[in-house]
Amino acid sequence: MTQAIERLTNLSTAPAFNRLQCKECGAEYEPVAKHVCEECFGPLEVKYDYDVIRNTVTRETIEAGPNSIWRYRQFLPVSSNDPIDVGTGMTPLVEAKRLARRLGLKKLFIKNDAVNMPTLSFKDRVVSVALTRARELGFSTVSCASTGNLANSTAAIAAHAGLDCCVFIPADLEAGKVLGTLIYNPTLMAVKGNYDQVNRLCSEVANTHGWGFVNINLRPYYSEGSKTLGYEVAEQLGWQLPDHIVAPLASGSLFTKIYKGFNEFVDCGLVEAKDVRFSGAQAEGCSPISQAFKEDRDFIKPVKPSTIAKSIAIGNPADGVYALEIAKKTNGHIEDVTDAEIVEGMKLLAETEGIFTETAGGTTIAVLKKLAEAGKINPDETTVAYITGNGLKTQEAVSSYVGEPLTIEPKLEAFEAAFERANTLNRLDWEQTTV
Amino acid sequence: MSVKVLIPTPLQKFTNEQATIECDASSIAQLIEALDSSCPGIKDRLCDDSGKPRRFLNFYVNSEDIRFLDNTETVLSDGDEVSIVPAVAGG
């Protein structure tokens, strides 16, 4: 990343963010480690001076920046000239022609954060921003409450940055996510409870320990990292916005930040304004936002999660009401799918596009399919589905549904016999499938 | 009923910087009133104009969200622990 950082330093200017502001009541605070408003407990957001950004950022300055999220540094809440750059971001935007044909769509793209660096989920974006800010604020220990991906990312990027790290996860997480955290040698607390209970515990720890919790006291900075999923799609589509996006909903933060990212690019003259529709995906076993959407409520009733899509199993989603508002005002939809449909979604994306996503991605694809079949996606719309995590981390979810290898002797006739048998089985499968 | 209440950082200026306080109450609604008499002004922060707990604030009784119990009518017993926790983003 040396080269990237050198180029970034050359572009350095004064930071464009200056305050934190309550999203509910507008109260303002110094840009310190603080996540809720002292007046009304609303979430705090970073406030920028967009005139500074307009005067310094153009398509050309962005294109000349590093091949990572830090090409959008002026839109991110950090002040240092050497942000933690582990190559996060600028993941592929793949035109998904075979999947589109299967779903009856014409212009479908996959934003593939299953190959985001360094830990194969979109969380590397938010953690790169949060830990850069943590370092600026003087924290030496960083922490998080996580459904797995955030734990992987926090532990890895803390290791890279030389920060001490203690992360909290629900004790029943997938093995890949546990091992994928332990390898970086943080202190890992597996809490006997669901994610919402882990979160509550961490809020109490954050109150007493003075650590930088990426998704608690650093949340205003952390969550801004998700805006880069919006910026990159706009840039990769040739500096224009899509017509429709479909993204998974856990806390609802990612969804709201993609929306914010698109709007900031419009406000700063980087893309033409466009009415983008925002649709959200949940697992039926944890669908508080989808239920509120279907019942036309403006509040979220918490639920107790029970789904294989553990990375998005947040029963009490902090940004749920904002995600709900965005889906409604953009004429989008929020839909949920069963665990069986999630597995089918994972297989469908793998078989048509060669992308192995985790259960959250399976949820997104299954909802995309459901919306397409219900005529809720115009086939001519440029649609982007956000794939936010990697399937190798949740192998348990699909291991019983992907078949077995054909084990053979190292002889030509053994291969021929097995190949013939496989073709016959494929044909029988095909004949049984109603078209 | 004597219960232990965990106070989040933004509210500790009402409790002389105490992170936990003991309180006598037999329901969450009563607890909010009792807190307000020992820590004047705290109710305005806990509740919105209609008197309901603010939407970004969660109340837990022995780790269970009161929305899975009887909301502000949730009954408290001697020795219960009540946590007041602002909403947290995740993943």
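Me: Happy to start with the layout: how many Å separate the centres of domain 2 of chain A and domain 3 of chain A?
Reply: Keep in mind that this is a predicted model. Chain A is divided into domain 1 (2–83 + 123–220), domain 2 (93–119 + 226–398) and domain 3 (409–435). Taken over C-alpha atoms, the distance between the centres of domain 2 of chain A and domain 3 of chain A is 36 Å.

Me: How confident is the predictor, and what ipTM does it give the complex?
Reply: For chain B, the average pLDDT is 89, and 97% of the residues score at least 70. Among the elements of chain B, the mean pLDDT is lowest in strand S4 (residues 64–65), at 88, and highest in helix H1 (residues 28–38), at 94. The complex as a whole has a pTM of 0.92 and an ipTM of 0.83.

Me: Is strand S5 (residues 107–112) of chain A largely enclosed or open, and why?
Reply: A residue is buried if 20 or more other C-beta atoms lie within 10 Å of its own. Five of the six residues in S5(A) are buried, so the rest of the structure leaves this strand largely enclosed.

Me: Which residue in strand S13 (residues 382–387) of chain A is the bridge partner of Phe109(A)?
Reply: S5(A) pairs with strand S4 (residues 93–95) of chain A in the antiparallel sense over three bridges, and there Leu93(A) stands opposite Lys111(A). S5(A) and S13(A) run parallel and are joined by six bridges. In S13(A), the partner of Phe109(A) is Val384(A).

Me: What is the strand order of the open sheet of three strands in chain A, and which are its edge strands?
Reply: The pairing in this sheet is antiparallel, and the order is S2-S1-S3. Strand S1 (residues 17–22) of chain A is joined to S2(A) by two bridges, with Leu20(A) opposite Tyr29(A). The strands that pair on one side only, and so form the edges by definition, are S2 (28–29) and S3 (44–48) of chain A.

Me: Which residues of helix H13 (residues 320–329) of chain A are buried?
Reply: H13(A) is mostly covered, with seven of its ten residues buried. The cover includes helix H11 (253–267), strand S11 (277–283), helix H12 (288–294) and strand S12 (334–337) of chain A. The buried residues are Gly320(A), Val321(A), Tyr322(A), Ala323(A), Leu324(A), Ile326(A) and Ala327(A).

Me: Lastly, how many residues of each class are on the side of chain B that touches chain A?
Reply: The contact takes 35 residues from chain A and 22 residues from chain B. On the side of chain B, the elements giving two or more residues are strand S3 (57–61) and strand S5 (81–86) of chain B. By class, that side has four charged, six polar and twelve nonpolar residues.

Conventions
Residues are numbered from 1 along each chain as its sequence is written. Chains are lettered from A and ligands numbered from 1 in the order in which they are written. This is a predicted model: local features need pLDDT of at least 70, side-chain atom pairs count only at pLDDT 80 or more; totals for chains, interfaces and linings use all residues. Domain bounds come from an automatic or database domain assignment. A residue is buried if 20 or more other C-beta atoms lie within 10 Å of its own, exposed if 12 or fewer, and partly exposed in between; C-beta atoms are placed from the backbone. Helices (H or I, at least four residues) and strands (E, at least two) are DSSP runs, numbered from the N terminus. Two residues are in contact if their C-beta atoms, placed from the backbone, lie within 7 Å. Ala, Val, Leu, Ile, Met, Phe, Trp, Tyr, Cys and Pro count as nonpolar, Asp, Glu, Lys and Arg as charged, and the others, Gly among them, as polar. pLDDT is the predictor's confidence in each residue, from 0 to 100.
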